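Hi,

Here is the structure I promised to pass on. Have a look through it first, and then read my notes below.

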Amino acid sequence: MAMKRVAASALRAFTSSGNSTSSLLTRRLHASPGSKKIVGVFYDAKEYAAKNPNFLGCTENALGIRQWLESQGHQYIVTSDKEGPHCELEKHIPDLHVLITTPFHPAYVTAERIKKAKNLQLLLTAGIGSDHVDLKAAADAGLTVAEVTGSNVVSVAEDELMRVLILVRNFVPGHHQVISGDWNVAGIAYRAYDLEGKTVGTVGAGRIGRLLLQRLKPFNCNLLYHDRIKMDPELENQTGAKFEEDLDKMLPKCDIIVINMPLTEKTRGMFDKDRIARLKKGVLIVNNARGAIMDTQAVVDGCSSGQIGGYSGDVWNPQPAPKDHPWRYMPNQAMTPHISGTTIDAQIRYAAGVKDMLDRYFKGEDFPPQHYIVKDGELASQYR
């Protein structure tokens, strides 16, 4: 069982190092049955919380698992206050056993917080993307990190397709005209195009990237993809996409680039000033992956100069984005808060996934393999 394997791994690390204060062994000693303290960090919904009974991903509705947890004797603390030394989350760090957070309002789990969290055993992401966790520190501490893989891939892929169309058709300025009482067709039409015939490349072709390619195929685009792993021929034929092994050869071919890769040390800042300068002038970029994959100022400069013809996404660095974040004010942007993966349908799926993993955790059972990001001190391949 999962807890037994973690314990065995911890004991091996302890005996091989000769260190009696091994953090891995400490985690094993706290992996005992009984009541657990679980902390959930979500965004506040306020007056919207009661408008939909399936609005589960907020502090008020807390994934819909409060009654279930408390009926089993567990303590469930829920907050949106996650930043700074005096925040509500910080008060619970020393004695919590499980921390649940989301990519939409992430609790940043640093090495310092992990060191303070002496009882912590499990970090769960309600959704997809665990880069808000210092994964190396979590692995070194013997923690398990998991997410609800697949829970919002349809939601994000649909959102990406919407953003592609919004940028291609120059929709946002037209919408702003309506709000402001203007009527200037020329001010929109001079940079509005058809999607048909354009070259669209996805950087990353995992679950979301593949769904996007499938949804783009009926638009008769020229579809390209770059990934660590080439699709099998049948799937490649279904999407109609061509594999590009060399990213920097693919990117200048693209009229539209969609980012679909996780944030890792290798991808952080990947789209910097030099790489953006090598793209086709006027390229459109959609990024629902992670804001830190882009160099923030390089994107601003690219949009201002026209090198980037339009930029749309819902991910920022940091999150929530401060009021003075430059992406809020750069030209030709169609940005939103982080919403693509938190549709009501996705919330139902990731709430159910969190409940299932907590149930397995209480019973000492393994999670579905695809949900693990850190297990037995090993990182999932996409984060290495």
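**What I found**

Let me start with Lys-217, which is partly exposed, with a relative accessible area of 40%. Bear in mind that this is a predicted model. You'll find Lys-217 in the loop that links α10 (207-216) to β7 (222-226). Leaving aside residues up to four places away in sequence, Lys-217 touches Leu-223, Asn-237, Gln-238, Thr-239 and Gly-240.

Is Thr-149 buried or exposed? It counts as buried, because its relative accessible area is 14% and the cut-off for buried is under 20%. Thr-149 also sits in a loop, this one between β5 (144-147) and α7 (153-168). Its side chain comes to 2.8 Å from the backbone oxygen of Gln-370. Gln-370 is also among the residues that Thr-149 touches, along with Ile-128, Arg-207 and His-371, again without counting residues up to four places away in sequence.

On the annotation side, an unreviewed UniProt entry lists residues 70-366 as "domain: D-isomer specific 2-hydroxyacid dehydrogenase catalytic".

Cheers

Notes:
Residues are numbered from 1 along each chain as its sequence is written. This is a predicted model: local features need pLDDT of at least 70, side-chain atom pairs count only at pLDDT 80 or more; totals for chains, interfaces and linings use all residues. Side-chain values use heavy atoms; hydrogens and water are left out. Helices (H or I, at least four residues) and strands (E, at least two) are DSSP runs, numbered from the N terminus. Buried means under 20% relative accessible area, exposed over 50%, partly exposed in between (1.4 Å probe, protein chains only). A polar contact is a pair of N or O atoms within 3.5 Å; within protein, one must be able to donate a hydrogen and the other to accept it, and residues adjacent in sequence count only if both atoms are side-chain atoms. Contact means heavy atoms within 4.5 Å. UniProt positions are given in the numbering used here, feature names are shortened, and annotations may be inferred rather than shown by experiment.
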